[in-house]
Amino acid sequence: MLELKNIKKSYYIGYNEQQVLKVINVKFRSNEFTSILGASGSGKTTLLNIIGGLDKYDDGDLIIDGNSTKNYSNRDWDSYRNYRVGFIFQSYNLIGHQSVLSNVEIALTLSGVSKEERKRRAKEALIKVGLEEHINKKQNQLSGGQMQRVAIARALVNDPEIILADEPTGALDSETSVQIMELLKEVAKDRLIIMVTHNPEIAKKYSTRIIELKDGLILKDSNPVKEKKDNKKDKTITKTSMSLLTSLGLSYNNLLTKMGRTILTALAGSIGIIGIALILSLTNGVKGYVKQMERDSLTSFPIQVEKDKIDISKLFSIEEDKIECEKGNVCSKNDIAKKLEL
């Protein structure tokens with residue numbers, strides 16, 4: 001179902017290149033619990049982000065159901081992340097002002113699902129993770145384990161084929177970590193789970209496969225894929241879409257929960273718009289006043305333009321007479337003056 005071929009990834013700090021993933025070749029089965037182990041900086045999270053479409057590889061190819069992703073557009077990646085992948089983050093990434101139900105329901109807003117259907121599926125996901133009694137609570141009313149369960153429910157609500165978990169127990173105590181891992185183990189029975197962890201004990205106890213990374217390379221794979229093709233039926237993917245009413249509802253709820261900031265932003269924007277309007281009005285008024293002053297000044301000193309003509313040929317004849325006089329021929333200054341008067 002999922003295959004990485006010669007994947008390479010580098011980050012640049014100024015002119016310095018830091019190669020995080022060198023050459024990664026790995027295949028995943030459609031239903032298994034895979035743990036990725038490695039020290040900090042070995043490329044675990046980068047590999048997870050590339051699999052989830054959150055980051056792009058520099059070279060190589062990510063193959064999904066036999067199809068290359070080299071020519072994937074942004075819309076294709078959106079569909080892949082929305083329909084086929086569920087994310088579980090170490091920091092939960094819950095929206096603080098939304099209820100538990102709304103946090104899970106929001107994962108369906110781009111799927112074109114009706115409001116009633118979203119609520120029904122969100123409730124089912126919360127019941128599956130044991131949070132049916134906390135549906136209407138906010139994030140600050142939950143414990144760390146409960147918040148992680150909400151994150152798991154959010155990842156499951158769209159029924160994805162792949163669950164990506166980045167240190168899901170990193171911020172939890174031992175007892176809560178066991179509960180979360182048991183839940184993930186149950187989920188892994190009918191889908192692929194890829195988990196990044198620093199804890200080898202958890203990986204060995206719950207995973208069916210362990211991949212060890214070191215310096216951007218796969219050091220060890222406990223259960224590599226040998227079969228050529230996975231027989232699981234492909235899931236039909238549709239394009240992401242959000243209705244206008246849903247987007248307006250989300251925007252309205254966000255404005256209501258942050259009323260003070262919304263009022264201040266609106267007030268500041270209004271002051272700016274009014275200030276610009278006043279400056280434009282003053283500028284136009286000054287221009288009009290200057291033009292009126294110019295008109296009034298010019299009416300006191302009128303300028304008259306009359307039409308006249310000059311016979312240039314007469315000027316040439318006068319010049320000829322002057323030349324004749326200079327040569328000593330008989331001519332009169334009075335004759336020249338008369339011609340000038342003409």
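Helices (H or I, at least four residues) and strands (E, at least two) are taken here as DSSP runs, numbered from the N terminus. Axes are lines fitted to C-alpha atoms, for helices over the stretch in contact, and angles run from 0 to 180 degrees between N-to-C directions, while contact itself means heavy atoms within 4.5 Å. The model is predicted, so that local features need pLDDT of at least 70 and side-chain atom pairs count only at pLDDT 80 or more, whereas totals for chains, interfaces and linings use all residues. Residues are numbered from 1 along each chain as its sequence is written, and side-chain values use heavy atoms, with hydrogens and water left out.

With these terms in hand, helix α5 (residues 144–156) can be found lying across β6 and β7 (162–166), and it runs at about 170° to β6. Both strands belong to an open sheet of six strands with mixed pairing, in the order β6-β7-β8-β3-β9-β10, where two strands pair if DSSP finds at least two bridges between them. At its edges are β6 (85–88) and β10 (217–221), each of which pairs on one side only, and the twist averages 20° from one strand to the next. Within this sheet, strand β3 (residues 33–37) runs parallel to strand β8 (residues 192–196), joined by four bridges, and T34 stands opposite I194 in β8.

There is also an open sheet of four strands, ordered β2-β1-β4-β5 and paired in the antiparallel sense. Because β2 (16–28) and β5 (67–68) at the edges each have a single partner strand, one side of each is left without a neighbour in the sheet. Helix α1 (residues 44–51) packs on this sheet and touches β1, β2 and β4, its direction making about 120° with that of β1.
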